[in-house]
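Visitor: Hi, I'm new to this one and would like someone to walk me through it. Could you show it to me before we start?

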Amino acid sequence: MHQQPHGPAPTDTPPDTPPVGPRDTAPVGPRDTSPEGLPDRPPGGPPDGPPADPARILVVDDDPTVAEVVAGYLDRAGYRVDRAGDGPDALALAAGHRPDLVVLDLMLPGMDGLEVCRRLRGRGPVPVIMLTARGDEDDRVLGLEVGADDYVTKPFSPRELVLRVESVLRRTRPAPAPRPPSAAGLTADPTARRATKNGAELALTLREFDLLVFFLRHPGRAFAREELMREVWGWDFGDLSTVTVHVRRLRGKVEDDPARPRLIQTVWGVGYRFDPAGREAD
């Protein structure tokens, strides 16, 4: 369940709001129910607002103040946040809505964080950042051995934790595949090495495909044959008639009337230009 913080999260600089820490070492600081308690966006958060597909973060800590502060900072950074106060609740939430990352306190009542981490990882890969009040090396190693991707010792800065979350997600979350370039009914997928015209597959040679991809990625711009040879072929010198021949062959496969090309146009004295509008050349 997504919860908004009821009070402010501490910042890193004011002396009366120390870092988040265990109950017996670092108080969170005075409460303030005003909406200005949290900054507009913690440093390190997404620069232009929430991501289009925000990651779901599960915060597991039996200290409600710590959980509230961490959840508040993550929420302001653009993430969807679920909160749990113990291991069974965390496992139930993860089963209902699989998180993209878990911020997990090691010292939980009953089922400790190590066991929660083992069970979460037993269901499938999920990044885990372990929180603990203990800084012993053995604890850090054990946490990493059961599948934790990072380890943060209390007291800690919530802003630093947001940066840790972003760093772990960058390493573990697959980047979205770039959309294949397309225009004028033509599409070229570099990953599949497949090109289509109005949905019908085109039989292109390797170099014809590369040339089409380049034109689709640079519509409306005129390129000299020397530029095309360098950018598409990767050659700094060579027989420029190679470019001419490949352009002619590509036209024969993508133009409605190759004798009167509208998409791949000749720019006299320069070279060639791809015009998605298919306007007749001057």
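Guide: What follows is a short tour, moving from the whole chain to single residues.

Visitor: What kind of model is this, and how are residues numbered?

Guide: This is a predicted model, in which local features need pLDDT of at least 70 and side-chain atom pairs count only at pLDDT 80 or more, while totals for chains, interfaces and linings use all residues. Residues are numbered from 1 along each chain as its sequence is written, and side-chain values use heavy atoms, with hydrogens and water left out.

Visitor: How many helices and strands does the protein chain have?

Guide: The protein chain has eight helices and twelve strands, where helices (H or I, at least four residues) and strands (E, at least two) are DSSP runs, numbered from the N terminus.

Visitor: And what share of the residues is buried?

Guide: Of the 282 residues in the protein chain, 46% are buried; buried means under 20% relative accessible area, exposed means over 50%, and partly exposed lies in between (1.4 Å probe, protein chains only). Looking at contacts between residues at least 6 apart in sequence, 60% join residues at least 24 apart, with contact meaning heavy atoms within 4.5 Å.

Visitor: Okay, helices next. How do α7 and α8 cross?

Guide: Two packed helices are described by the angle between their axes and the distance between the axes. The axes of helix α7 (residues 225–233) and helix α8 (residues 241–254) come within 9 Å and cross at roughly 80 degrees; axes here are lines fitted to C-alpha atoms, for helices over the stretch in contact, and angles run from 0 to 180 degrees between N-to-C directions. The helices α7 and α8 are therefore roughly perpendicular to each other, given that angles under 35 degrees count as roughly parallel, over 145 as roughly antiparallel, 65 to 115 as roughly perpendicular and the rest as oblique.

Visitor: Which residues meet there?

Guide: From α7 there are Arg225, Leu228, Met229 and Trp233, and they meet Ser241, Thr242, Val243, Thr244 and His246 of α8.

Visitor: Are Asp61 and Lys154 buried or exposed?

Guide: Both Asp61 and Lys154 are buried. Asp61 and Lys154 also belong, together with Asp105, to a network of salt bridges.

Visitor: What about the salt bridge of Arg164 with Glu160?

Guide: In that salt bridge, the closest N and O atoms of Arg164 and Glu160 are 3.1 Å apart. The two residues are four residues apart in helix α5, and so they are separated by about one helical turn. Arg164 is partly exposed at a relative accessible area of 25%, and Glu160 is partly exposed at 36%.

Visitor: And aromatic pairs, how many of those?

Guide: The structure holds two aromatic pairs. One of them is the stacked pair of Phe215 and Phe274, at 6.4 Å centre to centre with 25 degrees between the planes; rings of Phe, Tyr and Trp (its six-membered ring) pair if their centres lie within 6.5 Å, and planes under 30 degrees apart count as stacked, over 60 as edge-to-face and the rest as tilted. Phe215 lies in helix α6 (residues 206–217) and Phe274 in strand β12 (residues 271–274), so the pair ties together parts that are 59 residues apart in sequence. Phe215 and Phe274 are both buried.

Visitor: Last one: where does Arg193 lie, and what is its phi?

Guide: Arg193 lies in the loop between β7 (186–189) and β8 (194–197), and its phi is near 55 degrees, a positive value in a residue other than glycine. Leaving aside neighbours within four places in sequence, Arg193 is in contact with Leu206, Phe209 and Asp210.

Definitions and conventions:
Salt bridge = Lys/Arg side-chain N within 4 Å of Asp/Glu carboxyl O.
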